[in-house]
Amino acid sequence: MASENKSKSSNGSNIDKKRKHIFLPQNKPVKKGSYPLRPGVEGFFITCDGGRERQASHEAINVIDSFYEELVLGRASGVKHVQLPDKPVNKKTKFTYSDSSSSDEDDDQKDKEEDKDKPETHKDGDANNESSIDANSDPHKQEEDKVENKEHATRHGSQVVEGEPSAKKQCLKTDASKCGNVISEKMEEKSVDKLIEEELAELGDRSKRRFSNLDSGCNGVVFVQMRKRDEDPGTKDIVQHMMTSVALTRKHTSRFMLRVLPVEVTCYASEEEITRAVKPLISRYFPVETQTAHKFAVLYEARANTGIDRMKIINAVAKSVPAPHKVDLNNPDKNIVVQIVKTVCLMGVVEKYKELSKYNLRQLTSSKP
(Lines give C-alpha, C1' and ligand atoms only; values in the text may rest on other atoms or scores of the structure.)
Protein backbone atom coordinates (compact mmCIF):
# COMPACT_ATOMS: atom_id res chain seq x y z
CA MET A 1 0.00 0.00 0.00
CA ALA A 2 2.79 2.37 0.90
CA SER A 3 4.53 1.69 -2.41
CA GLU A 4 1.28 2.35 -4.29
CA ASN A 5 0.81 5.66 -2.45
CA LYS A 6 4.39 6.67 -3.26
CA SER A 7 3.87 5.85 -6.94
CA LYS A 8 0.63 7.84 -7.00
CA SER A 9 2.25 10.82 -5.28
CA SER A 10 5.20 10.70 -7.71
CA ASN A 11 2.79 10.56 -10.67
CA GLY A 12 0.84 13.48 -9.26
CA SER A 13 3.99 15.56 -8.81
CA ASN A 14 5.05 14.82 -12.41
CA ILE A 15 1.64 15.89 -13.69
CA ASP A 16 1.86 19.12 -11.68
CA LYS A 17 5.29 19.85 -13.12
CA LYS A 18 4.02 19.24 -16.65
CA ARG A 19 1.06 21.50 -16.03
CA LYS A 20 3.35 24.23 -14.73
CA HIS A 21 5.49 24.01 -17.84
CA ILE A 22 2.54 23.89 -20.23
CA PHE A 23 0.27 26.49 -18.64
CA LEU A 24 2.58 29.44 -18.05
CA PRO A 25 1.23 32.58 -16.33
CA GLN A 26 -0.05 35.38 -18.49
CA ASN A 27 2.75 37.80 -17.55
CA LYS A 28 5.95 36.13 -18.70
CA PRO A 29 9.26 37.08 -17.08
CA VAL A 30 11.81 38.98 -19.12
CA LYS A 31 13.98 36.63 -21.13
CA LYS A 32 17.71 36.51 -20.54
CA GLY A 33 19.59 38.84 -22.91
CA SER A 34 16.60 41.02 -23.86
CA TYR A 35 16.23 44.70 -23.03
CA PRO A 36 13.33 45.33 -20.60
CA LEU A 37 11.04 48.35 -20.63
CA ARG A 38 12.25 50.98 -18.16
CA PRO A 39 11.46 54.59 -17.17
CA GLY A 40 13.08 57.48 -19.04
CA VAL A 41 12.55 56.23 -22.62
CA GLU A 42 10.45 57.57 -25.50
CA GLY A 43 8.76 55.51 -28.17
CA PHE A 44 5.58 53.75 -29.27
CA PHE A 45 3.14 51.61 -27.31
CA ILE A 46 1.77 48.88 -29.62
CA THR A 47 -0.80 46.18 -28.98
CA CYS A 48 -0.93 42.94 -30.97
CA ASP A 49 -2.43 39.46 -30.91
CA GLY A 50 -1.25 37.26 -28.02
CA GLY A 51 1.75 35.12 -28.93
CA ARG A 52 2.75 37.34 -31.87
CA GLU A 53 4.96 39.78 -29.97
CA ARG A 54 8.18 38.90 -31.83
CA GLN A 55 6.60 39.24 -35.29
CA ALA A 56 4.77 42.40 -34.28
CA SER A 57 7.97 44.03 -32.96
CA HIS A 58 9.86 43.43 -36.22
CA GLU A 59 6.91 44.61 -38.27
CA ALA A 60 6.43 47.69 -36.10
CA ILE A 61 10.04 48.81 -36.56
CA ASN A 62 9.75 48.53 -40.35
CA VAL A 63 6.37 50.27 -40.54
CA ILE A 64 7.35 53.12 -38.21
CA ASP A 65 10.63 53.62 -40.04
CA SER A 66 8.85 53.86 -43.40
CA PHE A 67 6.35 56.45 -42.11
CA TYR A 68 9.18 58.35 -40.42
CA GLU A 69 11.10 58.60 -43.72
CA GLU A 70 7.93 59.60 -45.54
CA LEU A 71 7.25 62.34 -43.02
CA VAL A 72 10.85 63.65 -43.08
CA LEU A 73 11.03 63.64 -46.91
CA GLY A 74 7.63 65.34 -47.12
CA ARG A 75 8.82 68.06 -44.75
CA ALA A 76 12.08 68.56 -46.66
CA SER A 77 10.41 68.83 -50.06
CA GLY A 78 7.47 70.87 -48.73
CA VAL A 79 4.90 68.45 -50.15
CA LYS A 80 1.40 68.67 -48.73
CA HIS A 81 -0.77 65.59 -48.46
CA VAL A 82 -3.82 65.76 -50.68
CA GLN A 83 -6.99 63.83 -50.00
CA LEU A 84 -7.25 60.84 -52.28
CA PRO A 85 -10.47 59.97 -54.16
CA ASP A 86 -12.63 57.15 -52.85
CA LYS A 87 -12.58 55.29 -56.18
CA PRO A 88 -9.36 55.10 -58.21
CA VAL A 89 -9.52 56.55 -61.72
CA ASN A 90 -9.08 53.86 -64.38
CA LYS A 91 -7.10 54.97 -67.44
CA LYS A 92 -6.30 53.07 -70.60
CA THR A 93 -2.67 52.95 -71.66
CA LYS A 94 -1.66 52.39 -75.28
CA PHE A 95 1.78 51.07 -76.14
CA THR A 96 3.48 52.16 -79.40
CA TYR A 97 6.30 50.05 -80.74
CA SER A 98 8.58 52.84 -81.86
CA ASP A 99 11.74 50.70 -81.99
CA SER A 100 10.33 48.17 -84.45
CA SER A 101 8.89 50.84 -86.76
CA SER A 102 12.17 52.76 -86.86
CA SER A 103 14.11 49.56 -87.62
CA ASP A 104 11.73 48.74 -90.51
CA GLU A 105 12.20 52.21 -91.97
CA ASP A 106 15.98 51.83 -91.74
CA ASP A 107 15.80 48.49 -93.56
CA ASP A 108 13.72 50.05 -96.34
CA GLN A 109 16.19 52.90 -96.78
CA LYS A 110 19.10 50.46 -96.96
CA ASP A 111 17.34 48.42 -99.64
CA LYS A 112 16.69 51.55 -101.72
CA GLU A 113 20.33 52.64 -101.49
CA GLU A 114 21.54 49.20 -102.57
CA ASP A 115 19.21 49.28 -105.59
CA LYS A 116 20.57 52.68 -106.59
CA ASP A 117 24.20 51.54 -106.29
CA LYS A 118 23.80 48.43 -108.47
CA PRO A 119 23.70 50.10 -111.99
CA GLU A 120 26.56 52.39 -111.04
CA THR A 121 28.77 49.43 -110.25
CA HIS A 122 28.09 47.95 -113.68
CA LYS A 123 29.04 51.18 -115.37
CA ASP A 124 32.24 51.41 -113.34
CA GLY A 125 33.05 47.85 -114.25
CA ASP A 126 32.55 48.55 -117.99
CA ALA A 127 34.75 51.61 -117.81
CA ASN A 128 37.51 49.68 -116.04
CA ASN A 129 37.33 46.93 -118.64
CA GLU A 130 37.65 49.45 -121.46
CA SER A 131 40.64 51.12 -119.82
CA SER A 132 42.30 47.75 -119.24
CA ILE A 133 41.79 46.83 -122.90
CA ASP A 134 43.30 50.15 -124.04
CA ALA A 135 46.24 49.72 -121.68
CA ASN A 136 46.94 46.21 -122.93
CA SER A 137 46.82 47.34 -126.53
CA ASP A 138 49.68 49.93 -126.03
CA PRO A 139 53.01 48.56 -124.64
CA HIS A 140 54.36 52.09 -123.91
CA LYS A 141 51.37 52.79 -121.68
CA GLN A 142 51.98 49.52 -119.80
CA GLU A 143 55.52 50.57 -118.91
CA GLU A 144 54.36 54.02 -117.79
CA ASP A 145 51.69 52.42 -115.60
CA LYS A 146 54.28 50.19 -113.94
CA VAL A 147 56.50 53.17 -113.11
CA GLU A 148 53.54 55.11 -111.73
CA ASN A 149 52.47 52.12 -109.58
CA LYS A 150 55.98 51.83 -108.09
CA GLU A 151 56.08 55.54 -107.23
CA HIS A 152 52.60 55.28 -105.73
CA ALA A 153 53.64 52.28 -103.60
CA THR A 154 56.74 54.03 -102.28
CA ARG A 155 54.69 57.09 -101.35
CA HIS A 156 52.12 55.04 -99.47
CA GLY A 157 54.83 53.08 -97.70
CA SER A 158 56.44 56.26 -96.43
CA GLN A 159 53.05 57.45 -95.23
CA VAL A 160 52.47 54.20 -93.33
CA VAL A 161 55.91 54.36 -91.71
CA GLU A 162 55.32 57.95 -90.68
CA GLY A 163 51.84 57.09 -89.34
CA GLU A 164 52.99 54.19 -87.14
CA PRO A 165 54.30 56.26 -84.18
CA SER A 166 51.11 58.37 -84.08
CA ALA A 167 49.03 55.19 -84.00
CA LYS A 168 51.20 53.82 -81.19
CA LYS A 169 50.73 57.07 -79.24
CA GLN A 170 46.98 56.81 -79.65
CA CYS A 171 47.04 53.22 -78.39
CA LEU A 172 49.14 54.23 -75.40
CA LYS A 173 46.73 57.06 -74.60
CA THR A 174 43.71 54.77 -74.77
CA ASP A 175 45.45 52.16 -72.59
CA ALA A 176 46.35 54.82 -70.03
CA SER A 177 42.77 56.11 -69.97
CA LYS A 178 41.44 52.56 -69.53
CA CYS A 179 43.87 51.94 -66.68
CA GLY A 180 42.81 55.21 -65.07
CA ASN A 181 39.15 54.26 -65.33
CA VAL A 182 39.84 50.84 -63.80
CA ILE A 183 41.76 52.39 -60.90
CA SER A 184 39.03 54.96 -60.26
CA GLU A 185 36.39 52.19 -60.32
CA LYS A 186 38.42 50.20 -57.78
CA MET A 187 38.71 53.26 -55.56
CA GLU A 188 34.94 53.79 -55.82
CA GLU A 189 34.33 50.15 -54.97
CA LYS A 190 36.55 50.45 -51.92
CA SER A 191 34.79 53.58 -50.78
CA VAL A 192 31.38 51.91 -51.20
CA ASP A 193 32.60 48.88 -49.27
CA LYS A 194 33.79 51.10 -46.46
CA LEU A 195 30.46 52.88 -46.38
CA ILE A 196 28.60 49.59 -46.21
CA GLU A 197 30.86 48.39 -43.38
CA GLU A 198 30.21 51.60 -41.45
CA GLU A 199 26.45 51.21 -41.89
CA LEU A 200 26.60 47.60 -40.75
CA ALA A 201 28.63 48.64 -37.71
CA GLU A 202 25.97 51.24 -36.86
CA LEU A 203 23.21 48.68 -37.26
CA GLY A 204 25.11 46.21 -35.09
CA ASP A 205 25.52 48.79 -32.33
CA ARG A 206 22.15 48.91 -30.59
CA SER A 207 22.83 52.33 -29.06
CA LYS A 208 23.03 53.95 -32.54
CA ARG A 209 19.75 52.60 -33.87
CA ARG A 210 16.89 55.06 -34.19
CA PHE A 211 14.19 52.42 -33.49
CA SER A 212 14.69 49.36 -31.29
CA ASN A 213 12.48 46.88 -29.47
CA LEU A 214 12.15 46.74 -25.68
CA ASP A 215 10.56 43.75 -23.97
CA SER A 216 7.41 44.80 -22.10
CA GLY A 217 7.01 41.49 -20.24
CA CYS A 218 3.26 41.29 -21.05
CA ASN A 219 1.37 39.29 -23.61
CA GLY A 220 0.01 41.30 -26.54
CA VAL A 221 2.13 44.39 -25.80
CA VAL A 222 5.14 45.64 -27.77
CA PHE A 223 7.22 48.75 -27.08
CA VAL A 224 9.47 50.32 -29.74
CA GLN A 225 11.98 52.81 -28.39
CA MET A 226 12.89 55.89 -30.43
CA ARG A 227 16.23 57.64 -29.95
CA LYS A 228 15.32 61.12 -31.05
CA ARG A 229 18.04 63.09 -32.80
CA ASP A 230 18.31 66.74 -33.80
CA GLU A 231 15.46 67.99 -36.01
CA ASP A 232 13.64 64.66 -35.82
CA PRO A 233 9.83 64.66 -35.61
CA GLY A 234 8.32 63.52 -32.35
CA THR A 235 6.48 60.29 -31.71
CA LYS A 236 3.14 62.13 -31.73
CA ASP A 237 3.80 63.56 -35.22
CA ILE A 238 4.84 60.17 -36.61
CA VAL A 239 1.78 58.36 -35.23
CA GLN A 240 -0.55 61.15 -36.35
CA HIS A 241 0.88 61.01 -39.88
CA MET A 242 0.59 57.21 -39.89
CA MET A 243 -3.08 57.21 -38.86
CA THR A 244 -4.17 59.99 -41.23
CA SER A 245 -2.43 58.42 -44.23
CA VAL A 246 -3.87 54.97 -43.45
CA ALA A 247 -7.35 56.46 -43.01
CA LEU A 248 -7.09 58.17 -46.42
CA THR A 249 -5.61 55.29 -48.42
CA ARG A 250 -7.28 52.36 -46.59
CA LYS A 251 -4.12 50.39 -47.38
CA HIS A 252 -3.13 47.43 -45.19
CA THR A 253 0.26 48.24 -43.71
CA SER A 254 0.47 45.65 -40.93
CA ARG A 255 -0.41 42.06 -40.23
CA PHE A 256 0.19 41.72 -36.49
CA MET A 257 -0.11 45.29 -35.16
CA LEU A 258 -3.41 46.49 -33.73
CA ARG A 259 -3.15 49.83 -31.90
CA VAL A 260 -0.24 52.29 -32.01
CA LEU A 261 0.02 55.07 -29.40
CA PRO A 262 2.82 57.64 -28.94
CA VAL A 263 4.74 57.62 -25.66
CA GLU A 264 6.61 60.79 -24.73
CA VAL A 265 7.07 60.32 -20.95
CA THR A 266 7.79 57.18 -18.93
CA CYS A 267 8.12 56.86 -15.17
CA TYR A 268 7.48 54.43 -12.32
CA ALA A 269 3.83 53.59 -11.68
CA SER A 270 3.07 55.59 -8.57
CA GLU A 271 0.84 58.58 -7.97
CA GLU A 272 3.69 60.88 -6.92
CA GLU A 273 5.93 59.93 -9.86
CA ILE A 274 3.11 60.31 -12.37
CA THR A 275 2.10 63.78 -11.14
CA ARG A 276 5.73 64.92 -11.32
CA ALA A 277 6.49 63.38 -14.74
CA VAL A 278 3.31 64.62 -16.46
CA LYS A 279 4.05 68.33 -15.85
CA PRO A 280 6.37 68.94 -18.87
CA LEU A 281 3.94 67.06 -21.11
CA ILE A 282 1.00 69.22 -20.00
CA SER A 283 2.97 72.47 -20.28
CA ARG A 284 3.79 71.54 -23.89
CA TYR A 285 0.25 70.71 -25.05
CA PHE A 286 -1.87 72.67 -22.54
CA PRO A 287 -0.15 76.04 -21.99
CA VAL A 288 -1.57 78.50 -19.47
CA GLU A 289 -1.44 81.62 -21.66
CA THR A 290 -3.59 80.63 -24.63
CA GLN A 291 -6.50 82.25 -26.45
CA THR A 292 -8.14 78.92 -27.31
CA ALA A 293 -8.97 76.52 -24.49
CA HIS A 294 -8.76 72.80 -25.31
CA LYS A 295 -11.13 70.09 -24.20
CA PHE A 296 -9.38 66.97 -22.93
CA ALA A 297 -9.99 63.51 -21.52
CA VAL A 298 -7.77 60.99 -19.73
CA LEU A 299 -7.49 57.46 -21.20
CA TYR A 300 -6.35 55.08 -18.48
CA GLU A 301 -5.46 51.41 -18.88
CA ALA A 302 -3.40 49.08 -16.66
CA ARG A 303 -1.80 45.69 -17.35
CA ALA A 304 -0.25 43.33 -14.80
CA ASN A 305 -0.69 45.85 -11.99
CA THR A 306 -3.54 45.72 -9.50
CA GLY A 307 -1.98 47.78 -6.72
CA ILE A 308 -2.81 51.23 -8.17
CA ASP A 309 -6.19 52.91 -7.83
CA ARG A 310 -7.56 53.92 -11.23
CA MET A 311 -9.47 57.01 -10.13
CA LYS A 312 -6.55 58.40 -8.14
CA ILE A 313 -4.30 58.38 -11.22
CA ILE A 314 -7.02 59.91 -13.44
CA ASN A 315 -7.75 62.68 -10.93
CA ALA A 316 -4.04 63.40 -10.44
CA VAL A 317 -3.49 63.82 -14.19
CA ALA A 318 -6.68 65.88 -14.68
CA LYS A 319 -5.85 68.24 -11.80
CA SER A 320 -2.40 68.96 -13.23
CA VAL A 321 -3.98 70.57 -16.35
CA PRO A 322 -4.32 74.39 -15.88
CA ALA A 323 -7.62 76.27 -15.64
CA PRO A 324 -8.42 77.51 -19.19
CA HIS A 325 -8.69 73.93 -20.40
CA LYS A 326 -11.70 71.82 -19.47
CA VAL A 327 -12.61 68.16 -19.22
CA ASP A 328 -14.98 66.82 -21.88
CA LEU A 329 -15.41 63.07 -22.07
CA ASN A 330 -17.80 63.12 -25.05
CA ASN A 331 -16.00 65.35 -27.58
CA PRO A 332 -12.42 66.02 -26.42
CA ASP A 333 -9.92 67.87 -28.63
CA LYS A 334 -6.97 66.02 -27.10
CA ASN A 335 -6.64 62.84 -25.09
CA ILE A 336 -4.00 62.19 -22.45
CA VAL A 337 -2.98 58.53 -22.69
CA VAL A 338 -1.91 56.78 -19.46
CA GLN A 339 -0.81 53.16 -19.96
CA ILE A 340 0.56 51.18 -17.01
CA VAL A 341 2.56 48.04 -17.83
CA LYS A 342 3.72 46.22 -14.69
CA THR A 343 5.70 48.85 -12.75
CA VAL A 344 6.17 51.38 -15.60
CA CYS A 345 3.75 54.16 -16.56
CA LEU A 346 3.68 55.36 -20.21
CA MET A 347 2.10 58.72 -21.08
CA GLY A 348 1.41 60.66 -24.26
CA VAL A 349 -1.08 62.95 -26.04
CA VAL A 350 -3.19 62.07 -29.11
CA GLU A 351 -5.68 63.99 -31.24
CA LYS A 352 -8.82 62.81 -33.06
CA TYR A 353 -8.84 59.60 -31.07
CA LYS A 354 -12.41 58.55 -31.81
CA GLU A 355 -12.41 59.85 -35.39
CA LEU A 356 -9.37 57.67 -36.23
CA SER A 357 -10.92 54.47 -34.81
CA LYS A 358 -9.02 54.78 -31.51
CA TYR A 359 -5.72 54.52 -33.43
CA ASN A 360 -6.47 50.91 -34.40
CA LEU A 361 -4.86 50.06 -37.77
CA ARG A 362 -7.03 47.01 -38.34
CA GLN A 363 -10.26 48.98 -37.91
CA LEU A 364 -9.00 51.87 -40.08
CA THR A 365 -8.25 49.52 -42.99
CA SER A 366 -11.36 47.38 -42.65
CA SER A 367 -13.96 47.59 -45.41
CA LYS A 368 -16.87 47.59 -42.96
CA PRO A 369 -17.96 51.06 -41.71
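Begin by selecting Ile340, which stands opposite Cys345 in strand S9. The structure is a predicted model, in which local features need pLDDT of at least 70 and side-chain atom pairs count only at pLDDT 80 or more, whereas totals for chains, interfaces and linings use all residues. Residues are numbered from 1 along each chain as its sequence is written, and side-chain values use heavy atoms, with hydrogens and water left out.

**The hairpin and its sheet**

Strands are DSSP runs of E with at least two residues, helices are runs of H or I with at least four, and both are numbered from the N terminus; two strands pair if DSSP finds at least two bridges between them. Two residues lie between the strands of this hairpin, where Lys342 takes a positive phi near 60°.

Now colour S8 alone. Eight of its eight residues are buried, so S8 is largely enclosed by the rest of the structure. Buried means under 20% relative accessible area, exposed over 50%, and partly exposed in between, with a 1.4 Å probe and protein chains only. On one side of S8 the buried residues are Lys334, Ile336, Val338 and Ile340, and on the other Asn335, Val337, Gln339 and Val341.

Phe296 has Lys334 as its bridge partner in S8 and stands opposite Val327 in S7. The sheet as a whole is open and mixed, with five strands in the order S5-S9-S8-S6-S7. Its edges are S5 (265–268) and S7 (326–327), each pairing on one side only.

**The helix across this sheet**

Select H8 (residues 310–319), which lies across S6 and S8 and runs at about 145° to S6; such angles run from 0 to 180 degrees between N-to-C directions of axes fitted to C-alpha atoms, for helices over the stretch in contact. Which residues of H8 are buried? They are Ile313, Ile314, Ala316 and Val317. These residues span an arc of only 165° around the axis, which puts them on the same side of H8; the arc is that of the directions from the helix axis to the C-beta atoms. Their cover includes H6 (271–277), H7 (279–285), S6 and S8.

Move to the open, antiparallel sheet of four strands, in the order S2-S3-S1-S4. S2 (211–214) and S4 (257–263) each have a single partner strand, so one side of each is left without a neighbour in the sheet. From one strand to the next, the twist averages 25°. Helix H5 (residues 235–249) packs on this sheet and touches S1, S3 and S4.

Finish at Phe44, which stands opposite Val224 in S3. Its contacts (heavy atoms within 4.5 Å) include Ile64, Phe211, Val260 and Val263. Phe44, Ile46, Ile64, Met243 and Val260 touch the most other members of the largest nonpolar core, which has 41 residues. Helix H2 (residues 53–77) contributes the most to this core, with seven residues. A nonpolar core is a set of buried Ala, Val, Leu, Ile, Met, Phe, Trp, Tyr and Cys residues joined through side-chain atoms within 4.5 Å.

Notes. Lists of a residue's contacts leave out its neighbours within four places in sequence.
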